[in-house]
Amino acid sequence: MSSYQVVLLPGDGIGPEIVGEAVRVLEKVTKPGAIQFSSQLLGGKAIDETGEPFPEVTRQAVLAADAVLLGAVGGPKWDKGPGHLRPEGGLLALRKALGVYANLRPVKAFPELIDASPLKADVAGAVDLLIVRELTGGVYFGERERGSNSEGERFARDTMLYTEPEIRRVVRRGFEIAQGRSKRLTSVDKANVLDSSRLWREIVEEMKGDYPDVQVEHVLVDACAMYLVTKPHYFDVVVTENLFGDILSDEAAVLTGSIGLLPSASLGDKSGLYEPIHGSAPDIAGQGIANPVGTILSAAMMLRYSLQMSEEASRIERAVAAALSEGARTKDIARPGEKVLSTKEMTEAILARL
Ligand code: IPM
Ligand code: MN
């Protein structure tokens, strides 16, 4: 039997703990030998061991893999270096190398966790949206410069550049995903100020004729930020550029109660990269208390989108929902007085319901 090659990039902070838990779940839900795992360095640990955040060995391995499962990168130890030699620089280089231009971030309320949301229950309970974030362009990858002028005053410049093909391919994903959900697409931009946004909006308008079944609208990013907390039920599929998507997805994540719950899939035309949307949480690393759910649900997305195992993916998702509904809580989602599970115990609660 041929098996899928999955490269694990545990990374820094809580990354190794949560990726290890996701592997336990994957091993339980798939047939023996269906997936072969190998582990590579990325981020701060890679800097310590090789001098760079995205070593060539890692690049070769991920390019040859069927899918990549990532924990998180970064930490205070590596915060001083220049951009490309920081852990985050390695993550951006990884996304670029894999060409994963569409980052899918589903945000769905678990009914049992409504009380963990900062919103009123009737507002939070209705959250079920999916952000499609452009991931390999925009200001994250534009030309940048730091310098000083003749008076010795410092300046810094970042550039938000988008080309037509970069916009078209991610907007197309947005339309296709909307077709498979409630057929509503919200395109988020800042077209009242930015030229890159005006081009984005123009292209969405040109493309909508190809998707007559999808109802499209444009919302400015500042208004979107407000609507996400005042009427989140209003949104279904949201497509937006890289930086806006980064910010809005953190905002949307807390609606569900904890950013620790949320998975993501980053897709290109070939590769798939799967990671929880939270960071490396150095403050709680090594304590065994991190919430593994975001990574476990990312592993489910990997089964669905890259490894053609959608039934197994659904089984994981149902097991997570059952564990939560029966009261399994890590520290980030427990209310005062509730029993708090460790990272491993949370995984065991999920494994028991597979
Ligand atoms: C994310 C993270 C990254 C990003 C950082 C760590 C570079 O915040 O995946 O949302 O900004 O894309
Ligand atoms: Mn982010």
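**Exercise 1.** By class, how many nonpolar, polar and charged residues does the shell around ligand 1 have?

*Solution.* Note that the model is predicted. Start with the members: Glu88, Leu91, Arg95, Arg105, Arg133, Tyr140 and Asp246. Then sort them by class. Two are nonpolar, none is polar and five are charged. Tyr counts as nonpolar in this scheme.

**Exercise 2.** Find which side chains have an N or O atom within 3.5 Å of an oxygen atom of ligand 1, taking Arg133, Tyr140 and Asp246 in turn.

*Solution.* Take Tyr140: an N or O atom of its side chain is 2.6 Å from a ligand 1 oxygen. Next, Arg133: the distance from its side-chain N or O atom to an oxygen of ligand 1 is 2.8 Å. Last, Asp246: a polar side-chain atom sits 2.9 Å from a ligand oxygen. Ligand 1 exposes 320 Å² when taken alone, and the protein buries 76% of that.

**Exercise 3.** Locate ligand 1 in the fold.

*Solution.* Begin with the space. Ligand 1 takes up the largest pocket. Next, look for the main contributor. Helix α4, residues 87–98, gives the most to the shell, with three residues. Finally, check the domains. Domain 1 (1–101 + 267–354) and domain 2 (128–254) both supply shell residues, so ligand 1 lies between them.

Notes. Residues numbered from 1 in each chain as written. Chains lettered and ligands numbered in written order. Predicted model: local features only at pLDDT ≥ 70, side-chain atom pairs only at ≥ 80, totals over all residues. Heavy atoms only, no water. Near = heavy atom within 4 Å. Polar contact = N/O pair within 3.5 Å; in protein donor to acceptor, adjacent residues only side chain to side chain. Areas by Shrake-Rupley, 256 points an atom, 1.4 Å probe, with all protein chains shown as cover. 1 Å grid on protein atoms, 1.4 Å probe; cavity = no way out; pocket = protein on both sides within 12 Å on 5 of 7 lines; lining within 4 Å. Sits in = over half its atoms within 2 Å of the grid points. Helix = DSSP H or I, 4+ residues; strand = E, 2+ residues; numbered from the N terminus. Domains from an automatic or database assignment.
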